[in-house]
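Morning, everyone. Please bring the model up on your screens, and then we'll walk through it.

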Amino acid sequence: MGKFEVIEHPLVQHKLTMIRDKNVGTKFFRETVKEISTLIAYEVSKNMPLKEVEIETPICKTTQKELAGKKVAIVPILRAGLGMVEGFTDLIPAAKIGFIGMYRDEETLKPHEYFVKLPSDVSERQLFVVDPMLATGGSAVDAIGALKKRGCEEKNIKFACLVAAPEGVKAIQAAYPDVDIYTAALDERLNEQGYIVPGLGDAGDRLFGTK
């Protein structure tokens with residue numbers, strides 16, 4: 001079974017509480033999502049493998065550590081996932097970025113894929129799939145499925161979000177048990193409309209100022 005972690009760092013929790021408030025504006029919401037995403041990226045990347053290299057400091061030659069292993073790709077689920085990309089690239093600037101477009105049928109709550117654009121070597125990379133909300137889990141499961149169809153292995157996929165519902169976590173774990181899941185909060189449940197309770201509303205609308 002993949003890892004499931006709620007990131008309880010005080011700064012993450014403080015900033016998440018700030019954007020749960022319905023009265024904060026688009027600019028503040030967007031900037032704070034980016035800040036939280038950077039803190040999440042720090043946690044999600046903490047087990048990336050290292051290798052020893054020999055360098056020369058101004059004082060002497062020395063053996064030190066640098067990142068080893070697979071290169072990284074960040075894959076936002078459109079459109080709300082875009083709000084998390086910059087936070088990740090601030091820490092991992094060499095990462096390539098892929099895109100998976102999903103929309104949710106408002107009647108059935110089922111996700112539909114409408115756009116996929118990924119690096120040509122995506123199957124060789126460590127993948128961070130990002131989406132602020134993990135609600136029913138349908139979009140996340142379909143996005144991970146789109147990656148698997150293109151040769152990616154579950155063990156190389158990590159899913160990161162700001163807020164998760166238990167239903168969404170269970171959906172990913174049932175479909176793709178080797179995928180690690182990271183979230184800043186595990187909320188209570190979904191309501192009848194498929195929104196997370198207490199949640200923070202529609203992340204896409206709040207990021208981009210749409211209704």
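What volume does the second largest pocket have? About 160 Å³. First, the ground rules. This is a predicted model: local features need pLDDT of at least 70, side-chain atom pairs count only at pLDDT 80 or more, and totals for chains, interfaces and linings use all residues. Residues are numbered from 1 along each chain as its sequence is written, and side-chain values use heavy atoms, with hydrogens and water left out.

Back to the pocket. On a 1 Å grid over the protein atoms alone, a pocket is an open set of points where a 1.4 Å probe fits, with protein on both sides within 12 Å along at least five of seven lines. Its volume is the space filled by probe spheres set on the points, joined across faces, edges and corners. Lining residues have an atom within 4 Å of a point. Here there are 11, and Met48, Leu67, Lys70, Lys71 and Val72 lie nearest the centre.

Next, rings. How many aromatic pairs does a search of the whole structure find? The search finds 1. Phe88 and Phe128 form that pair, 5.9 Å centre to centre, with 50° between the planes. Ring centres must lie within 6.5 Å; planes under 30 degrees apart are stacked, over 60 edge-to-face, and the rest tilted. This pair is tilted. The pair links distant parts of the chain, with Phe88 in helix α3 and Phe128 in strand β8, 40 residues apart. Helices (H or I, at least four residues) and strands (E, at least two) are DSSP runs, numbered from the N terminus.

Last, a cis peptide bond joins Val197 and Pro198, with omega about 0°.

Note on methods: Rings of Phe, Tyr and Trp (its six-membered ring) pair if their centres lie within 6.5 Å; planes under 30 degrees apart count as stacked, over 60 as edge-to-face and the rest as tilted.
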